[in-house]
Amino acid sequence: DGQYPPNLFVLLDAGYLEDEDALVDPADWEPELDDETGTLYSYEYVGPLPPGPPAVLILCYSRKGVYEDGRNVLYVDGAPEWVEEADLHAAGGARGMSLEECYRWAVEHWKGELSEKDDARLKKFFEVTD
């Protein structure tokens, strides 16, 4: 319905992904276990966003630590890309938006309707510390 799902596991339930293995990065020897679904996963996902995110906003990435020097990143426009860890945190890095710049875009476009819970979720995903 033109909205991002609350989590990646919904994609399995809805049939968009046929196999749970799609949520595990082949390089991840110790994927995380989701307590609610019992599903292994390697990718972090931002969850719901304000309408109209830019194509270069980071939507999903490999968990930190799966790779030593970077992460597989998925952008809003559907393009996957390898991004060096330093570029994820550098202003204008990672196709033009660092993780922190993505966070600032989301906060600005929620136009004052951002709940504390959503703010905490976004800060965790975009690795923003106060």
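This note goes through a sheet, a helix pair and some single residues of a predicted model.

1. Basis. The model is predicted, so local features are used only at pLDDT of at least 70 and side-chain atom pairs only at pLDDT 80 or more, while totals for chains, interfaces and linings use all residues. Residues are numbered from 1 along each chain as its sequence is written, and side-chain values use heavy atoms, with hydrogens and water left out.

2. The sheet. Four strands form an open sheet in the order E3-E4-E5-E6, and their pairing is antiparallel. Strand E3 (43–45) and strand E6 (80–84) are the edge strands, each pairing on one side only. From one strand to the next the twist averages 30°. Helices (H or I, at least four residues) and strands (E, at least two) are DSSP runs, numbered from the N terminus. Two strands count as paired if DSSP finds at least two bridges between them. Strands of a sheet pair through backbone hydrogen bonds, either parallel or antiparallel.

3. Strand partners. Strand E5 (residues 70–75) pairs with E6 in the antiparallel sense over 5 bridges. Gly70 stands opposite Glu84 in E6, and Asn72 stands opposite Trp82 in E6. E4 and E5 are also antiparallel, and pair over 3 bridges. Cys60 has Leu74 in E5 as its bridge partner. The hairpin of E5 and E6 has 4 residues between the strands, and Gly78 in this hairpin takes a positive phi near 90°.

4. The helix pair. The axes of helix H3 (residues 99–109) and H4 come within 9 Å and cross at roughly 160°. The two helices are therefore roughly antiparallel to each other (angles under 35 degrees count as roughly parallel, over 145 as roughly antiparallel, 65 to 115 as roughly perpendicular and the rest as oblique). Axes here are lines fitted to C-alpha atoms, for helices over the stretch in contact, and angles run from 0 to 180 degrees between N-to-C directions.

5. The contact between them. H3 contributes Leu99, Tyr103, Ala106 and Val107, and H4 contributes Asp119, Leu122, Lys123 and Phe125. Contact means heavy atoms within 4.5 Å. By class, the contact of H3 with H4 has 6 nonpolar, no polar and 2 charged residues (Ala, Val, Leu, Ile, Met, Phe, Trp, Tyr, Cys and Pro count as nonpolar, Asp, Glu, Lys and Arg as charged, and the others, Gly among them, as polar).

6. Lys123. Is this residue, Lys123, buried or exposed? Lys123 is buried, because its relative accessible area is 18% (buried means under 20%, exposed over 50%, partly exposed in between, with a 1.4 Å probe and protein chains only). Lys123 belongs to helix H4 (residues 116–125). Leaving aside residues up to four places away in sequence, Lys123 touches Tyr103, Val128 and Asp130.

7. Most residues other than glycine have a negative phi, and most peptide bonds are trans. Ala94 has a positive phi, near 30°. Ala94 lies in the loop between helix H2 (85–89) and H3, and is buried, with a relative accessible area of 6%. Glu127 also is not a glycine and has a positive phi, of about 55°. Glu127 is found in the segment after H4 and is partly exposed, with a relative accessible area of 27%.
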